[in-house]
Amino acid sequence: MGASLSSLTENESTANGRPGLGDIPENCVACVFMYLTPPEICNLARINHAFRGAASSDSVWDSKLPSNYHHLLDVLPQRIYEGLSKKDIFAFLSRPVPFDDGNKEVWLDRISGRICMSISTKAMLITSGEDRRHWSWFPTEESRFHVVAYCQQVWWFEVSGSVKFPFPPDIYTLTFRVRLGKFYKRLGRRVCNFEHTHGWDLGPVRYELFTSDGQHAVSEYSLDDSDQDDANANLKRGDWIEYKVGEFIVSKSDPATEVRFSMKQIDCTHSKGGLCVDSVSIAPSDLKAGRRKGVSKYQ
């Protein structure tokens, strides 16, 4: 069977006159490739010359790019992408493209070609964030932005931000990535310090999002609830957790959608602290499935 399959991949017909895969016209292969994922296309490109040619076709990769992919290119100098084929543009955009002084990144999912985004806490407004008695910043390899905000102690906790972008039509989920404690490395091992962690078990944190077309979602979570952690994939205290704020629907990319988001705990009857806030993530909801914690509440 292996020898038979090997013979079918040759550019010429087999010795007995029967056609092989190399006899399939390149344009027919390209039509089939339009129904496959980018990884599948790249794997099949190794079969023969016709498959390699079809795998480089602009018509194939144009079907994998979002309809408004040029908006992603607009945040880059033209010299970077000028003259690139559609295949090369897809490969380039499947890596994070920074914008807004490097505090936001957008990229294409390598399998579906759909837009994903991440927003650093550096691009957000933090109440009392400039007061080093309450907040500090420290570098870490555990963040795609290489820095996270650390809340040492506050009474009024609020982090908010916004983004305006021509998202393609889809259903998106927005999450906050946070963790309890402050972590560092000691003798090559990752160590988590909960010295300042307090107050998060006394009341829930409220998450909200608003869109420019009137959509609104709200959710609440207790950040230091061991019983809830046990019920959510055995998450441990000190793990990075993506808390789902909610979903929003984009029906058309023009005009651009503005999304405003926040997380807050403003019960001033007690202080709270010892919390790292990394980033906000926006991605198509089905791509987020299985990687989020909690259930959204809508108002």
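# Questions on a predicted chain

Among contacts in the chain between residues at least 6 apart in sequence, 69% join residues at least 24 apart. The model is predicted.

Me: What makes up the secondary structure of the chain, and how many residues does the chain have?
Reply: The secondary structure comes to 10 helices and 16 strands. The chain has 299 residues, and buried residues make up 45% of them.

Me: Why is Ile89 called buried?
Reply: Its relative accessibility is 7%. Buried means under 20%. The value falls under that cut-off, so Ile89 counts as buried.

Me: Where is Ile89 found, and what is it in contact with beyond its neighbours in sequence?
Reply: Ile89 is found in helix α8, residues 86–93. Leaving aside neighbours within four places in sequence, Ile89 is in contact with Leu65, Tyr69, Leu73 and Leu84. Contact here means heavy atoms within 4.5 Å.

Me: How many residues apart are Ile89 and Trp61 in sequence, and what is their C-alpha to C-alpha distance?
Reply: They are 28 residues apart in sequence. In space, the C-alpha to C-alpha distance is 8.8 Å.

Me: What puts the buried residues of α8 on the same side?
Reply: The buried residues in α8 are Lys86, Ile89, Phe90 and Leu93. They cover an arc of only 100° around the axis, so they lie on the same side of α8. The general rule is that an α-helix has 3.6 residues a turn, so residues three or four places apart point the same way.

Me: What covers the buried residues of α8?
Reply: The cover includes helices α3, α5 and α6 (70–73). Strands β1 (97–99) and β2 (104–108) are also part of it.

Me: How do you know which side of α2 is buried, and what packs there?
Reply: In helix α2 (residues 26–33), Val29, Ala30 and Phe33 are buried. Their arc around the axis is only 100°, which puts them on the same side of α2. The buried residues of α2 pack against α3 (38–44), α4 (49–55) and α5 (58–62).

Me: Why are Cys28 and Cys31 called partly exposed?
Reply: Partly exposed lies between the cut-offs: buried is under 20%, exposed is over 50%. Cys28 is at 38% relative accessibility, so Cys28 counts as partly exposed. Cys31 has a relative accessible area of 43%, so Cys31 is partly exposed.

Me: What makes β2 largely enclosed?
Reply: Five of the five residues of β2 are buried, so the rest of the structure largely encloses the strand. Lys104, Val106 and Leu108 point one way from β2. Glu105 and Trp107 point the other way. In a regular strand the side chains alternate between the two faces of the sheet.

Me: How do you know that β2 pairs with β1 and with β3?
Reply: Pairing needs at least two bridges. β1 and β2 have three, in the antiparallel sense, so they pair. β2 and β3 have five, also antiparallel, so they pair. Phe99 has Lys104 as its bridge partner in β2. Trp107 stands opposite Cys116 in β3.

Me: Which residues take a positive phi in the two hairpins?
Reply: In the hairpin of β1 and β2, with four residues between the strands, Asp100 takes a positive phi near 55°. In the hairpin of β2 and β3, with six residues between the strands, Gly113 takes one near 75°.

Me: What makes β8 mostly covered, and which strands pair with it?
Reply: Nine of the 11 residues of β8 (170–180) are buried. Nine bridges join β8 to the antiparallel β13 (241–250), where Leu174 stands opposite Gly246. Nine bridges also pair β8 with β15 (275–284), again antiparallel. There, Thr173 stands opposite Ala283.

Me: What lines the largest pocket?
Reply: The lining has 15 residues, and Trp107, Ser118, Arg144, Glu242 and Ser281 lie nearest the centre of the pocket. The elements that give two or more residues to the lining are β3 (115–120) and β15. β15 gives the most, with four residues. The space in this pocket is about 250 Å³.

How values were computed
Residues numbered from 1 in each chain as written. Predicted model: local features only at pLDDT ≥ 70, side-chain atom pairs only at ≥ 80, totals over all residues. Heavy atoms only, no water. Buried < 20%, exposed > 50% of the residue type's maximum accessible area, 1.4 Å probe, protein only. Arc of directions from axis to C-beta. 1 Å grid on protein atoms, 1.4 Å probe; cavity = no way out; pocket = protein on both sides within 12 Å on 5 of 7 lines; lining within 4 Å. Points joined across faces, edges and corners; volume = space filled by probe spheres on them.
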